[in-house]
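The sequence and structure come first.

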Amino acid sequence: MKQRAREAEAISTFSTDRLAALRNATEVWINSTDGKAMALLGAGGGALALTGLQTTQRTVSSMPLVSSIFLSLFCCLGVMSCVSAVCCLWPRTDRKRPLRDRDIQPLPRSPSVFWELGDLDAASFSASAVDVTEEELRRDTLEQAMFATWVAKQKLYYLKLTIALFLGALFALFTALFASLL
C-alpha cells in the first residue's frame with residue numbers, strides 16, 4: 001500500500017515537473033513574441049512618422065497617382081501593423097474563459113496566479129496559496145500550462161499578422177518611392 005502511494009506521488013511529481021517545464025518553455029515563447037512585437041511596433045511607428053514628415057514637405061497631390069496610392073497603402077498597412085502589434089502585446093489575464101472554452105472547469109482560485117491572490121486578506125491568502133494540497137497544486141500547474149500555451153498561440157498569431165502587415169507596408173513604401181522616381 002505504501003509502495004503504491006510512493007509510486008503515485010512520484011508520478012504526480014514527475015507530471016508536475018513536466019508541466020512546469022512546459023509552462024516555462026511557453027513563457028519563453030511569450031517573451032520572445034512580446035519583444036519582436038515591440039520592435040515591430042517601434043519600427044512601424046518610426047516609419048509612419050518619417051512618412052508623415054515627408055508628406056508634409058511634399059503634398060500628395062503633387063506626387064504621381066500610382067505613388068500616392070502606394071503611399072496611402074503604406075500608411076494603412078503601417079497603422080494596421082501597429083494595431084496588430086498592440087494586440088500581440090495586450091496582456092491576457094482571464095485564465096478561466098479559455099479553460100472553460102476547452103470544457104475544463106478551472107479552480108475557483110488559483111494558488112499561483114498573482115492577480116487572483118493580490119487582493120486577498122491574510123487568512124484567504126494562506127488558504128489559497130499556502131495551504132494547498134498536492135492534487136490542487138498539480139491541477140493548478142496543468143491549468144497554468146494550458147493557459148500559457150493558449151496565450152502563446154494568441155500572441156504568435158498576432159505577431160505573424162504584424163510581420164505580414166509590416167512587410168506589406170514596406171513593399172508599398174518601396175513601390176511608392178520607385179514610382180515617384182520614374
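Rings of Phe, Tyr and Trp (its six-membered ring) count as a pair if their centres lie within 6.5 Å; planes under 30 degrees apart are stacked, over 60 edge-to-face, and the rest tilted. By this criterion, the whole structure holds two aromatic pairs. In one of them, the ring centres of F147 and W150 are 5.9 Å apart and the planes stand at 25°, so the pair is stacked.

The model is predicted: local features require pLDDT of at least 70 and side-chain atom pairs count only at pLDDT 80 or more, while totals for chains, interfaces and linings use all residues. Residues are numbered from 1 along each chain as its sequence is written, and side-chain values use heavy atoms, with hydrogens and water left out.

**Chain overview**

Helices (H or I, at least four residues) and strands (E, at least two) are DSSP runs, numbered from the N terminus. The chain has six helices and zero strands, giving the pattern α-α-α-α-α-α along the sequence. The pLDDT, which is the predictor's confidence in each residue from 0 to 100, averages 78 over the chain, and 82% of the residues score at least 70. Confidence is lowest in helix α4 (residues 114–117), with a mean of 69, and highest in α6, with 86.

A residue is buried under 20% relative accessible area, exposed over 50% and partly exposed in between (1.4 Å probe, protein chains only). Of the 182 residues, 31% count as buried. The accessible surface (Shrake-Rupley method, 1.4 Å probe; for residues, only the protein chains shown count as cover) comes to about 11500 Å² for the chain, and carbon and sulfur atoms account for 66% of that. Contact means heavy atoms within 4.5 Å. Among contacts between residues at least 6 apart in sequence, 78% join residues at least 24 apart.

**Salt bridges**

A salt bridge is a side-chain nitrogen of Lys or Arg within 4 Å of a carboxyl oxygen of Asp or Glu. The whole structure has five salt bridges, including those tabulated here.

| Salt bridge | N to O distance |
|---|---|
| R95 and E143 | 2.8 Å |
| E135 and R138 | 2.9 Å |
| R139 and E143 | 3.3 Å |

R95 lies in the loop between α2 (65–89) and α3 (96–101) and E143 in helix α6, so their bridge links distant parts of the chain, 48 residues apart. Both R95 and E143 are buried. R139 and E143 are four residues apart in helix α6, about one helical turn. R139 is partly exposed, at a relative accessible area of 31%, whereas E143 has 2%. Salt bridges with shared partners join R95, R139 and E143 into one network.

E135 and R138 both lie in helix α6 (residues 134–181). E135 is partly exposed at 46% relative accessibility, as is R138 at 24%.

F147 and W150 are three residues apart in helix α6, about one helical turn, and both are buried. Y157 and Y158 form an edge-to-face pair, 5.2 Å centre to centre with 75° between the planes. Y158 is partly exposed, with a relative accessible area of 24%.

D34 sits in helix α1 (residues 2–57). Beyond its neighbours within four places in sequence, D34 contacts C88, L89 and K155. The C-alpha atoms of D34 and L159 are 8.3 Å apart, although 125 residues separate the two along the chain.
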